[in-house]
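Dear colleague,

Please find below the structure that I am handing over to you. My findings follow after it.

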Amino acid sequence: MRAQSSATSPSAIAVDGGPDTASGTRSLGTLQAALGVVAFSLTFPATAWGLEGFGPWSLIAVRSILAAVIAGGCLLALRVPFPERRHWFGLAVVGAGVVLGFPLLTTLALQTSTTAHAAVVVGLLPLTTALLSALRIGTRPSRTFWIAALAGAAAVIAFTVQQSGGALTTADAYLFGALLVCAAGYTEGGRLARVMPGWQVIGWALVLCLPVTVPMAAVALSFEPVHLTGHGVAGLLWVAVGSQFLGLVVWYRGMAAIGIPKASQLQLAQPLLTLVWSVLLLGEQLTVAAPLTAAAVLVCIAVTQRARG
């Protein structure tokens with residue numbers, strides 16, 4: 001009788017991983033993924049600031065090294081064991097896509113592109129991540145999910161292209177390349193975050209990239225002049241600590257909790273947040289189309305979050 005009563009009590013359901021626990025996990029995962037999106041939305045404006053004091057190659061290398069020092073210190077202090085061999089490939093993909101590829105390609109693009117135009121990358125990123133996730137780990141979102149995702153991506157693309165005057169620049173090759181490598185890194189990172197803490201995923205990826213980033217920094221700093229300014233230092237610190245480490249920690253935890261496709265759709269709001277930061281931090285102009293696009297994107301996010309795979 002005691003066992004039966006315990007099994008049917010509400011508290012037992014929550015403790016044993018029933019509906020209450022599952023709902024709480026999804027809510028926390030959604031919050032963590034959303035915090036990651038906010039952190040990422042500041043990346044382009046912070047990069048533009050960083051480029052005021054550093055060359056593009058120096059900025060990428062130094063930001064990765066700073067983030068690796070923080071991550072490595074945490075791994076060492078907590079005596080986290082080295083990842084198993086079966087996880088090395090996934091960590092290499094995360095490192096190549098998220099630590100090196102996306103920051104490098106977008107930084108090169110931002111030398112000739114505005115942040116508004118570059119935001120088209122993150123407008124397409126949720127859809128690309130969902131596609132790669134379906135191919136890589138076999139996720140099968142519903143038809144409603146895909147319709148809402150495509151509609152949201154179309155709205156973001158239309159808005160960001162309109163913001164840039166509809167012109168395609170030479171930076172587009174960098175941006176589309178960044179889109180692909182970042183989606184691959186997100187997919188592998190989300191898969192690994194199911195078997196190890198999210199902060200360890202990005203932490204090990206950052207540390208494993210040190211043999212590349214340290215020589216890269218030495219060479220870049222010897223060729224590219226450095227002008228230490230308030231904006232330059234602030235931009236470097238944010239992309240290193242906020243975007244490269246803390247943002248990815250909560251982002252991977254969120255993806256592990258609610259799934260890669262649903263988490264990726266929260267990024268539909270990222271271009272709009274980036275444009276807001278661009279106005280506040282960089283003084284760029286924002287058109288009246290922003291509220292309309294924001295409303296459309298929020299509707300799409302709500303639909304994708306409710307859609308069942």
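Helix 7 is followed by Gly-138, whose phi is positive, near 75°; helices here are DSSP runs of H or I with at least four residues, numbered from the N terminus. This is a predicted model, in which local features need pLDDT of at least 70 and side-chain atom pairs count only at pLDDT 80 or more, while totals for chains, interfaces and linings use all residues. Residues are numbered from 1 along each chain as its sequence is written, and side-chain values use heavy atoms, with hydrogens and water left out.

The 23 residues of helix 7 (residues 115-137) should span 33 Å at 1.5 Å a residue, and the 32 Å between its end C-alpha atoms agrees with this; the expected span is 1.5 Å times one less than the number of residues. Helix 7 has a kink of about 40° at Leu-125, shortly before the proline Pro-126; the bend is the angle between axes fitted to the seven residues ending at a residue and the seven starting there.

Because 18 of its 23 residues are buried, helix 7 is largely enclosed by the rest of the structure (buried: under 20% relative accessible area; exposed: over 50%; partly exposed in between; 1.4 Å probe, protein chains only).

Turning to a loop, Arg-79 lies between helix 5 (56-77) and helix 6 (88-109). Arg-79 has a positive phi of about 55° although it is not a glycine, and this residue is exposed, with a relative accessible area of 74%.

Yours sincerely

How values were computed
Helix = DSSP H or I, 4+ residues; strand = E, 2+ residues; numbered from the N terminus.
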